[in-house]
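Please take a moment to look over the sequence and the model shown here before reading on.

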Amino acid sequence: MIHTKTILLSLLLAASALAKVVEYDLTIAEQKLAPAGKIRTALTINGGIPGPTLRFREGDTALIHVHNALPREETSIHWHGLLVPNSQDGVPYLTTPPIKAGTTLTYTFPLTHSGTYWYHSHTGLQEQRGVYGSIVIEPKGGEPVRADRDYVLVLSDWTNENHKQVMRTLMRGSEWYGIKKGNAQSILGAYQAGKLPDYFAREKSRMAPMDVSDVAYDAFLINGKPSSSLPARPGDRVRLRVINAAASSYFYLHSATG
């Protein structure tokens, strides 16, 4: 009689052999772009911001070659939200080696669950500079809710400032971004609002003024552009896969549908 463990092992091996390998190439490079009206040196994936949407089906095996075409700096890719082997997680110097300039690192991992996720650099401030993209994994049996159209919306923020200057401004506690956004706090403003006690209590604690976002961004983007138009016919059921890939911004979503 065939042992139960032998049967299970045979089934697992058969399933593994039938697993579809889905392969992608991602090239990270510098490029002159103007997402907020001024030409700046951005970091792109396959020539664009955001990078391409990586589409899979639950049970597939991902085989992703990440090519670092940057002239001098290393890079990395982290698969945000995916359950992957620790060595494939993509956090440099912690789980995965960094991708040195001019080299390629190949990631491979099974896709054990479905959903909408994203990938981004975990090196320095590269995610803020454009190294991010989306991931869609369909359930094995297809989506439980039928949709006529399926769109990915990647929300992000963009600054024309040098990324290192942004970090310096934040670290020195400057109020410049509050002034730029027109929401800097002052004694006069606190007096006019009847909040002088609160103002002085905050000053005594040496806490910075509270705000939703610490950086005054020059643009907020959807799929790398200031606006986006999604085609659909009357009566269509549309699935929107929304990803917040911003460096530090929160977004409020509203719908005008009935």
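Two strands are said to pair if DSSP finds at least two bridges between them, and strands themselves, like helices, are DSSP runs numbered from the N terminus, with at least two residues of type E for a strand and at least four of type H or I for a helix. Val152 stands opposite Arg241 in β11, and strand β9 (residues 149-158) is joined to β11 by seven bridges, the two running parallel. The model is a predicted one, in which local features need pLDDT of at least 70 and side-chain atom pairs count only at pLDDT 80 or more, while totals for chains, interfaces and linings use all residues. Residues are numbered from 1 along each chain as its sequence is written, and side-chain values use heavy atoms, with hydrogens and water left out.

The open sheet to which these strands belong has three strands in the order β10-β9-β11, with mixed pairing. Because β10 (219-222) and β11 (238-244) stand at the edges with a single partner strand each, one side of each is left without a neighbour in the sheet. In general, strands of a sheet pair through backbone hydrogen bonds, either parallel or antiparallel.

Taken as a whole, the protein chain has six helices and 11 strands. Of its 258 residues, 36% count as buried, a term that means under 20% relative accessible area, with exposed meaning over 50% and partly exposed in between (1.4 Å probe, protein chains only). Among the contacts in the protein chain with a separation of 6 or more, 73% come from residues 24 or more positions apart, where contact means heavy atoms within 4.5 Å.

Which strand holds Asn68? Asn68 lies in strand β4 (residues 61-68), and with a relative accessible area of 3% Asn68 is buried. A polar atom of the Asn68 side chain lies 2.8 Å from the backbone oxygen of Ile99. Leaving aside residues up to four places away in sequence, Asn68 touches several others, including Ile28, Glu73, Ile99 and Thr103.

Gln88, by comparison, is found in the loop between β5 (78-80) and β6 (104-110), and at 14% relative accessibility Gln88 counts as buried. The side chains of Gln88 and Ser87 are joined by a polar contact of 3.4 Å, that is, a pair of N or O atoms within 3.5 Å, of which, within protein, one must be able to donate a hydrogen and the other to accept it, residues adjacent in sequence counting only if both atoms are side-chain atoms. Among the residues that Gln88 touches, not counting those up to four places away in sequence, are Trp79, Thr106 and Phe109.
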